[in-house]
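Colleague: I would like to go through this structure by way of its strands and a few individual residues. Please take the questions one at a time and define the terms as they come up.

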Amino acid sequence: MATSNKIFLGLYTAALCAAAPVSALGHGFAGQRFFPATLATDDPFVADESSLPTVSSRRVPASDEEPAGRESTASVEIAKRITPRFGLGLGVTGLQTKPDGESAQRGFDNIAVSAKYQFHESDEREAIASVGLDWDVGGTGAKRVGAESFSTVTPALFFGKGLGDLPENLSGLRPFAVTGSIGVAMPSSSAAPNVLATGFTLQYSIPYLQSAVKDVGLRAPFNRMIPIIEITMEKPIDRGGGPTTGTVNPGVLWAGRSMQLGLEAIVPMNSRSGSGVGFIAQLHFYLDDLFPQSLGRPIYGQ
Amino acid sequence: MKEIRLFLLALGLAAAGPTFAHAYLDHASPAVGASVQGSPKELQLWFSEALDTTQSTVEVFDQSGKGMGRQQTSNDPTVLIIALPTLSPGRYRVVWRVRSADGHRSKGRFRFSVLPQSK
């Protein structure tokens with residue numbers, strides 16, 4: 001590693017370590033409920049945030065074109081509120097594919113652009129719902145890593161619900177929350193099928209447990225942890241169809257003052273989804289907490 | 001590449017910087033969900049951030065919904081205090097609404113129980 005790289009890495013790590021011990025909440029609130037940013041399932045709220053970076057690695061199965069191999073990604077995403085309820089997002093992903101017995105290929109995937117409108121929030125019910133549109137811009141990535149030449153548009157519904165409104169005799173379940181998304185990915189190419197894409201998360205918020213249900217005495221770093229299971233599934237629904245694929249991702253999130261860390265295992269749901277256990281990790285910044293008077297606030301409205 | 005590194009470093013330094021964040025309840029006395037013997041003289045709530053105390057409130061309600069006690073001023077901007085009258089044995093609901101010094105609002109509620117004084 002070059003000296004400049006080492007210096008940068010050292011400074012960056014030191015800054016993050018300095019940020020880490022002091023904790024506070026960021027965004028994604030419905031009443032007392034804080035919904036953290038999740039790694040594999042799109043969030044149900046609009047926010048000023050940046051995932052910088054998200055990295056993952058997993059074994060992918062053989063396809064018609066390539067043998068099985070390992071796929072690694074490093075992506076950067078930024079989301080910006082235009083109004084308090086409407087936001088835009090941009091994502092760029094670097095890909096490395098390494099088919100078994102072949103040399104690795106590196107390149108960028110297609111650029112992803114998104115828009116989301118949060119149409120519902122209930123503080124009492126700890127509920128949030130949004131609709132959004134994701135546009136995978138065809139032809140902007142490298143074909144050698146499998147980036148499609150055609151675009152795919154995915155309208156989707158996103159939801160989040162905390163269980164804090166359960167009756168008192170079920171108070172042990174109140175730290176739980178679920179979030180999810182359901183959408184249809186519609187490619188511009190008539191050769192590719194439309195795909196039903198769903199995501200679901202089950203979260204147990206230790207911060208919620210200790211601040212709203214019962215202080216069990218957990219202190220840093222455990223008092224900011226949110227164990228989570230994410231499940232993603234994709235099902236081609238026409239044009240010849242195809243198998244359902246998906247992953248189950250157990251892991252943990254840690255929500256700090258102005259940043260969040262996440263680490264999850266990636267477990268394939270079936271043999272068509274991959275083999276072995278991969279991982280996904282994310283460093284996530286709450287821009288509304290970092291830059292409350294500039295980048296972290298809606299451009300229009302309060 | 002250099003620009004990306006500088007941006008990452010700026011984000012890291014910003015994250016390590018002064019307190020610009022939502023305030024959350026760190027802990028309370030009586031503790032969240034606790035059962036205490038005898039009536040506490042006051043309720044104290046410790047928050048993660050300095051508060052705008054003019055815009056931050058804490059209230060205690062008994063089971064009939066009657067408000068109890070009176071909020072006190074605190075020298076520590078991260079602490080809210082409410083002086084309590086003698087509380088009868090029973091369950092009490094605490095409702096807090098705060099605004100952190102940089103303007104972020106947050107709120108929450110929890111319960112605690114008062115048990116009869118042991119003899």
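**Strands, contacts and exceptions**

Colleague: How many bridges join strand S4 (residues 69-83) of chain A to S5(A)?

Modeller: Helices (H or I, at least four residues) and strands (E, at least two) are DSSP runs numbered from the N terminus. Two strands count as paired if DSSP finds at least two bridges between them. S4(A) and S5(A) run antiparallel, and the number of bridges joining them is 14.

Colleague: What kind of model do these values come from?

Modeller: Residues are numbered from 1 along each chain as its sequence is written, with chains lettered from A and ligands numbered from 1 in the order in which they are written. Side-chain values use heavy atoms, without hydrogens and water; local features need pLDDT of at least 70, side-chain atom pairs count only at pLDDT 80 or more, and totals for chains, interfaces and linings use all residues, since this is a predicted model.

Colleague: Which residue in S5(A) stands opposite A:Glu77?

Modeller: S4(A) and S5(A) are joined as a hairpin through two residues. Across this pair, the residue opposite A:Glu77 is A:Gly91.

Colleague: Which residue in S7(A) does A:Gly91 stand opposite?

Modeller: S5(A) also pairs with S7(A), in the antiparallel sense over six bridges. There, A:Gly91 stands opposite A:Ala112.

Colleague: Which residue takes a positive phi in the hairpin of S5(A) and S6(A)?

Modeller: S5(A) pairs with strand S6 (residues 105-108) of chain A over four antiparallel bridges, and A:Gly94 stands opposite A:Phe108. Five residues lie between the strands of this hairpin, and the one with a positive phi, near 80°, is A:Gly101.

Colleague: Is A:Gln118 buried or exposed?

Modeller: A:Gln118 lies in strand S7 (residues 112-122) of chain A. Contact means heavy atoms within 4.5 Å, and, not counting residues up to four places away in sequence, A:Gln118 touches residues including A:Pro44, A:Arg85 and A:Ile128. Because its relative accessibility is 7%, A:Gln118 counts as buried.

Colleague: At what distance does the backbone nitrogen of A:Val46 lie from a polar atom of the A:Gln118 side chain?

Modeller: A polar contact is a pair of N or O atoms within 3.5 Å; within protein, one must be able to donate a hydrogen and the other to accept it, and residues adjacent in sequence count only if both atoms are side-chain atoms. For A:Val46 and A:Gln118 the distance is 3.3 Å.

Colleague: Which side chain does that of A:Asp165 join in a polar contact of 3.1 Å?

Modeller: A:Asp165 lies in the loop between strand S9 (152-162) and strand S10 (176-187) of chain A, and is partly exposed because its relative accessibility is 26%. Not counting residues up to four places away in sequence, A:Asp165 touches A:Glu124 and A:Arg125. The 3.1 Å polar contact is with the side chain of A:Arg125.

Colleague: What is the phi of A:Glu126?

Modeller: Most residues other than glycine have a negative phi, and most peptide bonds are trans. A:Glu126 lies in the loop between S7 and strand S8 (127-136) of chain A and is buried, with a relative accessible area of 2%. Though not a glycine, A:Glu126 has a positive phi of about 50°.

Colleague: Which residue does a cis peptide bond join to A:Leu52?

Modeller: The bond has an omega of about 0°.

Colleague: Which strands stand at the edges of the five-strand sheet in chain B?

Modeller: That sheet is open, with mixed pairing and the order S2-S9-S8-S4-S5. Each edge strand has a single partner, so one side of each is left without a neighbour in the sheet; these are S2 and strand S5 (67-68) of chain B.

Terms used:
Buried < 20%, exposed > 50% of the residue type's maximum accessible area, 1.4 Å probe, protein only.
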